[in-house]
Amino acid sequence: MRAFYRLTLAAASGAAVYYSYEPHGVWWLGVLGIALFFFSLTPWPASWNRVVGAPRGTRLGPSGGFGALLAFTHALFCYLYLLPWIGEFVGPMPYVALAVTLALYAIPTGIFGALAARQRWGFLAFPFIYLAVEWARSSFPFGGFPWVRLAWGQINGPLANLAAWGGPALVTVATVLTSCAVAALVRYRRHAVRFAAPAAVLPLVLGLAAGLGVGTERGVTDQATVSAVQGNVPRMGLDFNAQRRAVLANHVNQTIQLAESGAEPDIVIWPENSSDVNPFTDPQAAALVNAAVQRIDAPVLVGTLTRDEVGDRNTMQVFDPDHGAGDYHHKKYLQPFGEYMPMRDFFRNFSEYVDLAGDFKPGNGDGVVSMRGVNVGIATCYEVAVDEAYRTAVRSGAEILATPTNNATFGFTDMTYQQLAMSRMRAIETDRAVVVAATSGVSAIVHPDGTVSQHTGIFEAAHLTETLPRKDTVTPAVRVGRYLEWAAVAAGIALMLAAWAASRRGYDAKRMKATETPKEN
């Protein structure tokens, strides 16, 4: 019966964490969810035996193996709710397989979390153990899958402001620390108040204090009027080639409408895949892009597909009304199993969907393009989930950031809202305005404090224009965030070993006590 209660808590905790992510965005449910999860790993008081149906005198702390099951259950319930958008194009099986695979990563969290929870210091150790596993999930293999980081669910709460100081990793640690401290207060009551109460409150206080400096006028060097164009996509009735040309025509027409509205932007951002017909090899596509650029009389960043001696590229290309083609950004952090297929021959044995994946090659630039003197940092679609995409751009002089993306494949699912939350946190992390341009929505204007001043709906043609600050500040997260994360991950690994060693000492002591014989008089 006690196992049932723990498993129920773990499942409920995963569902609660899911509701912290957008489009729900109830940030405190992320804190509550992790608190419930950690509580499921802790030894419960002997006085609760009758309540949970355990025999009197039973030791209620879960083993490392059962902790692994609890962690897997927690993660699986979260990811099954969080990731259905992946199955929108390829069906439910790949989506379920991904959710299960990601949940398997949580097993070390459960094993070492259960061992650490037996110690009074366990609530202080668990945040670093959690981060170490999250870092592994976000890094390995094939670049990992950082989409499911706990921090993204905190974008509407005070802890998000800590991103400027340590990036999403610090937000994750702060969230888990608050959660574990709350669980410790419930579990240990009087004995934990001395340390757990400050640990529960301090991250929230620091987050509120950090928010006082987020998005201020510090570092503003100039302004730029920026437009995001969302041309929308035809949803049925066209073959593949006609579909691509229709998408390009939609963005051209929307840009012309932008010009006719009287707007005079300094720069214009089109989405990823806004011209999947390569304007460098297709004269008709080139003529359409040029018509839009000349009509708006401003440099336009166009998402297209190009090919060079290395192979196919997902490219964001600047077209200037005076100088033609200018700077470009080849997407550097490609999405595995989507934009490229690792170990294609091997995975072909398991799924017919393998050959739907692309064969794009990654770029190697710094992510910055110049648009009439405005340095724009680019993270194309999936790149926004990767820490170094925008950090590298800012260190290389980016004054404004852009997230061009193509979410049309995922319909009306949560995907576009989850991605927008990442752009918002990147704005806080880098102290930069972010322009999100999507083919079919949601496009948005995000200010350096993470607030959204304008946005479009899904599957509507629209354009957004706003004057935004150009900034040259370099936040601590941009400057040293990766080193802080590596140090915290190393601490997490060390605490895993410490928890294992402490559990072994406890086990050996009990075994010795059980085998002791009374001394003769």
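Guide: D387 counts as buried, because its relative accessibility is 11% and buried means under 20% relative accessible area, with exposed over 50% and partly exposed in between (1.4 Å probe, protein chains only). This is a predicted model, in which local features need pLDDT of at least 70 and side-chain atom pairs count only at pLDDT 80 or more, while totals for chains, interfaces and linings use all residues. Residues are numbered from 1 along each chain as its sequence is written, and side-chain values use heavy atoms, with hydrogens and water left out.

D387 lies in helix α14, which spans residues 387-395; helices (H or I, at least four residues) and strands (E, at least two) are DSSP runs, numbered from the N terminus. The side chain of D387 makes a polar contact of 3.0 Å with the side chain of R149 and another, of 2.9 Å, with the side chain of R426, where a polar contact is a pair of N or O atoms within 3.5 Å and, within protein, one atom must be able to donate a hydrogen and the other to accept it, residues adjacent in sequence counting only if both atoms are side-chain atoms. With neighbours within four places in sequence left aside, D387 is in contact (heavy atoms within 4.5 Å) with R149, P168, R426 and E485.

Elsewhere in the chain, Y95 sits in helix α6 (residues 92-104) and, at 12% relative accessibility, also counts as buried. Beyond its neighbours within four places in sequence, Y95 is in contact with Y79, L80, L83, P84, I86 and G87.
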